[in-house]
Amino acid sequence: MSAAFRFPRFFMTNASPCPYLPGRTERKVFTELTGQHASELNDALGRIGFRRSQNVAYRPSCSDCSACVSVRIVAEEFKPNATQRKLMRRNEDLVSSACKPWSTSEQFTLLQKYLAVRHPGGGMTEMDDVDYADMVEQTPVDTYVVEYRLPPEHPGDQGRLVGACLSDRQADGLSMIYSFYDPALEDRQGLGSYIILDHVMRARKAGLPYVYLGYWVEGSQRMAYKVRYKPLEKLGRDGWSRFDTADLEKAARSVESAVDAPAGRLRDNVILK
């Protein structure tokens, strides 16, 4: 970075109920992403576990809990299992395209449908179209919306939108900010998983080593899906390391005994099956 770069100022949120683990509270440390070096700052913070929401980068900073663990897929070495290969074949006819980060009424309608089924009563259900536009369009970094559409019924038409993902392109990978899809398509079960798999393929094609999935929360069923993508790396005190067999077995046991928290507000990439 040039000499003009200023070290960012960090702030702390007040404690609030944890949306993932009942009976616990959460706090976040955050900084603003502004100026000509916003992308470089976002890249650097992303490598140490920060996530982006609009023009803010944040990460959990809870004094009595360290359950939130940053995870990322190693794209080049990823090998889909039998279930994932079947899912990719089932959805290979979907038409996907990376669009500029502009919100549309079609996207917002799909988001409302997704939230009503997957997160009823959650904080995001109170979003209006202006809130959604802010979520998509207020970005100081290289961001796009990947849309997933059914094949068009007639030549020249645009197929129906059935999925979307707000994603950032970072120097070392793709960071999936938020995904949503049509949960009513019975013949398209697993769309959330397919969106992740598609991002792995996109990262590999672009020569990017990782796909950032946000936080895996030990003990939360809502985050259990993230350990299905291998090889998977986690961020610890000594840097990034891979989940091993013991890690995955421990994760499975913790999920079996977990009691889910109610759906909360947007804080990282949440794609529920």
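The model is predicted: local features require pLDDT of at least 70, side-chain atom pairs count only at pLDDT 80 or more, and totals for chains, interfaces and linings use all residues. Residues are numbered from 1 along each chain as its sequence is written, and side-chain values use heavy atoms, with hydrogens and water left out.

**Whole chain**

Helices (H or I, at least four residues) and strands (E, at least two) are DSSP runs, numbered from the N terminus. Of the 273 residues, 49% are buried, that is, under 20% relative accessible area, with exposed meaning over 50% and partly exposed in between (1.4 Å probe, protein chains only). The protein exposes about 13700 Å², of which carbon and sulfur atoms supply 50%; the areas come from the Shrake-Rupley method with a 1.4 Å probe, and for residues only the protein chains shown count as cover. Among contacts (heavy atoms within 4.5 Å) between residues at least 6 apart in sequence, 71% join residues at least 24 apart.

**The nonpolar cores**

Next, select I73, L111, Y132, Y178, F180, L213 and Y229, the residues with the most contacts inside the largest nonpolar core, which has 57 residues. Such a core is a set of buried Ala, Val, Leu, Ile, Met, Phe, Trp, Tyr and Cys residues joined through side-chain atoms within 4.5 Å. Elements giving two or more residues to this core include β7 (68–74), α3 (105–118), β10 (161–170) and β11 (173–181). The largest share, seven residues, comes from α5. For the second, separate core of seven residues, select V29, L33, L45 and F50, which are among its members.

**Helix α5**

Now select 191–205, the range of α5. This helix has 15 residues and reaches 21 Å from its first C-alpha to its last, close to the 21 Å expected at 1.5 Å a residue; the expected span is 1.5 Å times one less than the number of residues. Because 11 of its 15 residues are buried, α5 is largely enclosed by the rest of the structure. The buried residues include D198 and H199 as well as L191, I195 and I196. After the helix comes G207, whose phi is positive, near 75°.

**Arginine R149**

Centre the view on R149 in strand β9. This residue is buried, with a relative accessible area of 7%. Its side chain reaches the backbone oxygen of G159 at 2.9 Å. Not counting residues up to four places away in sequence, R149 touches L94, V95, E106, Q158, G159, R160, L161 and V162.

**The open sheet**

Finally, display the four strands that form an open, antiparallel sheet in the order β1-β4-β6-β5. Strands pair if DSSP finds at least two bridges between them. At the edges stand β1 (11–12) and β5 (51–53), each with a single partner strand, so one side of each is left without a neighbour in the sheet. Two bridges join β1 to β4 (residues 28–32), and M12 stands opposite V29 in β4. Five bridges join β4 to β6 (residues 56–60), where A57 is the bridge partner of T31.

Key
Polar contact = N/O pair within 3.5 Å; in protein donor to acceptor, adjacent residues only side chain to side chain.
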